[in-house]
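Me: Could we go through this model together? I would like to start with the packing and then look at a few residues.

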Amino acid sequence: MEVERTLIRIAVCDDNLRISSDIEGWIMEYNKGSQANYVVEIYYNGERLCKDMDSGLMYDIIFLDIELESITGIEVGHYIRGKLHNDDSQIIYISSFTKYALGLFQVRPMDFLIKPVQKDRIIKSIETATKLLKKGEVSFQYKQGRDWNKIYIKDILYFKGKDREVEMVTKDSVIVFYSSLEKVFDQLKDYNFFYAHKSFLINYFHVTDFFYDKLIMSNQDIIKIAQTRRREVRQMQKEYLYKEKI
């Protein structure tokens with residue numbers, strides 16, 4: 001099933017329609033026989049990519065043309081690393097020239113491809129980036145409409161369940177999707193999430209203060225602890241504190 005495949009989101013940012021189309025086609029062809037689920041979004045300018053990522057859209061791999069109009073691929077890379085503090089996305093630069101090597105140092109790209117790009121180099125870059133991603137942050141996958149999305153678990157504060165919807169509160173936004181807290185917990189039970197209430201699933205590492213009947217979250221939200229769960233939460237806190245001292 002598609003949901004069981006690791007979601008890898010890829011952005012291709014190149015103002016050459018032919019190059020963008022070729023890269024997308026090669027990735028989609030590779031996707032058919034892959035154990036991961038690669039989803040590609042095309043951008044023809046750097047401003048739109050920066051704006052989308054600034055709003056919280058996450059890309060695991062970014063193919064980025066250097067010679068973009070208005071703002072260059074190098075400027076986009078500095079925006080991603082500096083302004084967004086994003087060191088997780090694997091950036092792969094594409095250029096017709098080799099003269100940019102020193103300018104790319106601070107962006108820390110994973111690879112540098114010379115035009116005309118070749119299918120085998122694109123696939124090799126994807127395989128390398130995927131291996132690096134597996135060594136990085138763990139992410140949570142969720143579905144909105146027909147689209148699968150993902151977010152790093154470290155950026156999730158808590159989930160609130162209501163009817164058939166789940167409200168996910170993150171460091172930067174609130175995201176709503178159709179599911180149940182039970183299904184979410186099945187995915188996250190091994191990553192320090194716990195129930196404070198039947199309607200609230202909490203990321204332990206975003207709790208700044210534990211009280212007898214409530215929790216204070218890192219965004220200052222107050223979450224009530226159900227009376228039936230207070231003993232369980234206290235015990236869990238003791239276990240975590242013990243582990244942290246070891």
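This is a predicted model: local features need pLDDT of at least 70, side-chain atom pairs count only at pLDDT 80 or more; totals for chains, interfaces and linings use all residues.

Me: How many residues does the largest nonpolar core have?
Reply: The largest nonpolar core has 21 residues, and Ile10, Ile23, Ile27, Phe63 and Ile122 have the most contacts inside it. Such a core is a set of buried Ala, Val, Leu, Ile, Met, Phe, Trp, Tyr and Cys residues joined through side-chain atoms within 4.5 Å; buried means under 20% relative accessible area, exposed over 50%, and partly exposed in between (1.4 Å probe, protein chains only).

Me: Which elements give two or more residues to this core?
Reply: They are β1 (6–13), α1 (17–32), β2 (36–43), β3 (61–65), β4 (90–95) and α4 (119–134). Helices (H or I, at least four residues) and strands (E, at least two) are DSSP runs, numbered from the N terminus.

Me: And what does Ile122 touch?
Reply: Not counting residues up to four places away in sequence, Ile122 touches Ile23, Trp26, Ile27, Phe63, Leu113 and Val117. Contact means heavy atoms within 4.5 Å.

Me: Changing topic, at what angle do α2 and α3 pack?
Reply: Helix α2 (residues 46–54) and helix α3 (residues 73–83) pack at about 15 degrees, with their axes 10 Å apart. The axes are lines fitted to C-alpha atoms over the stretch in contact, and angles run from 0 to 180 degrees between N-to-C directions. The two helices are therefore roughly parallel, a label for angles under 35 degrees.

Me: Which residues meet there?
Reply: Gly46, Leu49, Cys50, Met53 and Asp54 in α2 meet Val76, Tyr79, Ile80 and Lys83 in α3.

Me: Is Ser20 buried or exposed?
Reply: Ser20 counts as buried, because its relative accessibility is 1%. Ser20 is found in helix α1 and touches Val12, Asp14, Ile42 and Tyr44, leaving out residues up to four places away in sequence.

Me: Where is Lys119 found?
Reply: Lys119 is found in helix α4 and counts as partly exposed, at 34% relative accessibility. Beyond its neighbours within four places in sequence, Lys119 is in contact with Trp26 and Glu29.

Technical notes
Residues are numbered from 1 along each chain as its sequence is written. Side-chain values use heavy atoms; hydrogens and water are left out. Angles under 35 degrees count as roughly parallel, over 145 as roughly antiparallel, 65 to 115 as roughly perpendicular and the rest as oblique.
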